[in-house]
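Open the model in your viewer and keep the selection tool at hand.

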Amino acid sequence: MKHNVILVVLDGLNYEVARHAMGHLQAYIGAGRAALYKLECELPSLSRPLYECILSGVPPIDSGIVHNNVSRLSNQRSIFHYATDAGLTTAAAAYHWVSELYNRTPFIASRDRHTDDQALAIQHGHFYWNDHYPDSHLFADAESLRCKHTPDFLLVHPMNIDDAGHKHGLDSAQYRNSARSADIILADYLQGWLAADCQVLVTADHGMNNDRSHNGLLPEEREVPLFVLGSAFNLSATASPKQTELCGTVCELLGVPHDKPVCRELLK
């Protein structure tokens, strides 16, 4: 069965902070309408390599996107490619590195910030380049894409949690409060998304440490959340999804052919 899917990647969100700070998402879990899983991110625990991992299912040592300064188009098949090949519509409100991975590189703001091009993997996009670009604006960008284009697959990728972590560290009020703020912003949109029968996954690329960075093996850097909400999920307490399975699992939800690993325990 084909579903519309919204994938929210809350950049830099550590699992434990997600578990205790995101009250709105936890309310859905308490009501039996969502589930939370702990993922261990692939290595290195850096952003651009893990965008590629989440969206293509390929770990960094195999994708070649091994650090944040590898600025080239991906040579892997991503959710965007599988979706567009199947005739579906794709959209993203995301950091400009996502545009560089799947649309065009280098990112040229005047050309690429607002994208509408059926020939690209990400057909409709609003892309930003300042890490402090407000999450409130980013979610509004995403919702405008959803309302205007009704994409089958929509990526929503805000950066303020990661930005707060780099400025203040994991164990800081600013970092925790940035996660709380993202949860409150999500509360403005989740009911509408679920009422439209969208399947929603909320995860993160990597976590954060008290050195105000990430790249290593510490649990706080590698453990990230995966919240799932929607009619297609079975909310199994025993599922153990991997970050490399997100691409294939989303493709299954979209009903498109693919050759990626899938966490079938998540799905009805």
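**Stop one: α8 against α10**

Select Asp135, Ser136, Phe139, Ala140, Glu143 and Arg146 in α8; they meet Ala182, Ile185, Leu186, Tyr189, Gly192 and Trp193 in α10. By class, this contact of α8 with α10 holds seven nonpolar, two polar and three charged residues. Bear in mind that the model is predicted.

Now show helix α8 whole, residues 135-149. Its axis and that of α10 come within 9 Å and cross at roughly 15°. Angles under 35 degrees count as roughly parallel, and α8 and α10 are therefore roughly parallel to each other. The crossing of α8 past α10 is right-handed.

**Stop two: α2 against α10**

Pick out the contact residues next. From α2, take Gly23, His24, Leu25 and Tyr28. From α10, take Asp183, Leu186, Ala187, Leu190, Gln191 and Leu194. Colour the contact of α2 with α10 by class: six residues are nonpolar, three polar and one charged.

Leu186 is worth a label: this α10 residue is listed in the contact with α8 and in the contact with α2.

**Stop three: α12**

Move to helix α12, residues 246-254. Is α12 mostly covered or mostly exposed? Mostly covered: eight of its nine residues are buried. Select them: Leu246, Cys247, Gly248, Thr249, Val250, Cys251, Leu253 and Leu254.

Finish just after α12, at Gly255. Its phi is positive, about 75°.

Key:
Residues are numbered from 1 along each chain as its sequence is written. This is a predicted model: local features need pLDDT of at least 70, side-chain atom pairs count only at pLDDT 80 or more; totals for chains, interfaces and linings use all residues. Side-chain values use heavy atoms; hydrogens and water are left out. Contact means heavy atoms within 4.5 Å. Helices (H or I, at least four residues) and strands (E, at least two) are DSSP runs, numbered from the N terminus. Ala, Val, Leu, Ile, Met, Phe, Trp, Tyr, Cys and Pro count as nonpolar, Asp, Glu, Lys and Arg as charged, and the others, Gly among them, as polar. Axes are lines fitted to C-alpha atoms, for helices over the stretch in contact, and angles run from 0 to 180 degrees between N-to-C directions. Angles under 35 degrees count as roughly parallel, over 145 as roughly antiparallel, 65 to 115 as roughly perpendicular and the rest as oblique. A crossing is left-handed if the near helix is turned anticlockwise from the far one by less than a right angle, and right-handed if clockwise. Buried means under 20% relative accessible area, exposed over 50%, partly exposed in between (1.4 Å probe, protein chains only).
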